[in-house]
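Please open the structure in your viewer and keep the selection tool at hand, for this tour moves from one selection to the next and says what is to be found at each stop.

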Amino acid sequence: MMATDIYIEVASGMRKSVRRWGYALKAPGADPKYKTGESKGTLHEVTLRVLIGALSRYRRPSRITIHAADAWVLNIMMHQLPAWEQNGFSNAKGEPIKYREDWEQLANLIKIHIITIAPGRHTYSAWLQSEMEKMERGK
């Protein structure tokens, strides 16, 4: 099983603003593969979508450490997502959870992997921010 890391960076901003984002995938001995873009939404919403995009690149079971500043999304993924899945992606009141389709997709993507999380700034934070700024200047 391959060990690899996903590094995610999402620009902070106004509540539902357009946010720049980037991710880097890094396997031992290989150059990082990265992608940047923009998406409208809250910090959590964009982080969730970027995480789904990064995980979608994996075809084989892997040991993945996910690094992101958005500790809330990482903690929900590790601790709350299994309960939501068992409850049909509904909350304690029986109502559908917010961003249900995204959480369902994430739950399906992580099933074949061994996931660990590393919340907070990371090795690629400054580099991804620089790449996002280049993207902004290129408009």
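Begin with helix α3 and select E101 and N108, two exposed residues carried by the face of α3 that is turned away from its buried side. Bear in mind throughout that the model before you is predicted.

Now turn to the buried side of the helix, which spans residues 100-110, and select D102, W103, L106, A107 and I110, the buried residues of α3. Because these residues cover an arc of only 140° around the axis, they are put on the same side of α3. The general rule behind such a pattern is that an α-helix has 3.6 residues a turn, so residues three or four places apart point the same way. What, then, covers the buried residues of α3? If you show α1, α2 and β5 (114-119), you will see elements that are included in that cover.

Next, go to the largest pocket, in which about 270 Å³ of space lies. Of the 14 residues that line the largest pocket, select M2, A27, K33, R57 and Y58, which are the closest to its centre. Strands β1 (2-10) and β2 (18-26) are the elements that give two or more residues to the lining of this pocket. How does the lining of the largest pocket divide into nonpolar, polar and charged residues? Here six residues are nonpolar, two are polar and six are charged.

For the last stop, stay with strand β1 and select Y7, which lies in it. Is Y7 buried or exposed? Its relative accessible area is 8%, and because a residue counts as buried when this value is under 20%, Y7 is buried. Leaving aside residues up to four places away in sequence, show what Y7 touches, namely G22, Y23, A24, K26, H67, H122, T123, Y124 and L128. Finally, draw a distance from the C-alpha of Y7 to the C-alpha of R121: these two residues are 114 residues apart in sequence, and in space they are 9.3 Å apart.

How values were computed. Residues are numbered from 1 along each chain as its sequence is written. This is a predicted model: local features need pLDDT of at least 70, side-chain atom pairs count only at pLDDT 80 or more; totals for chains, interfaces and linings use all residues. Side-chain values use heavy atoms; hydrogens and water are left out. On a 1 Å grid over the protein atoms alone, a cavity is a set of points where a 1.4 Å probe fits but cannot get out, and a pocket is an open set with protein on both sides within 12 Å along at least five of seven lines; lining residues have an atom within 4 Å of a point. Grid points are joined across faces, edges and corners, and a volume is the space filled by probe spheres set on the points. Helices (H or I, at least four residues) and strands (E, at least two) are DSSP runs, numbered from the N terminus. Ala, Val, Leu, Ile, Met, Phe, Trp, Tyr, Cys and Pro count as nonpolar, Asp, Glu, Lys and Arg as charged, and the others, Gly among them, as polar. Buried means under 20% relative accessible area, exposed over 50%, partly exposed in between (1.4 Å probe, protein chains only). The arc is that of the directions from the helix axis to the C-beta atoms. Contact means heavy atoms within 4.5 Å.
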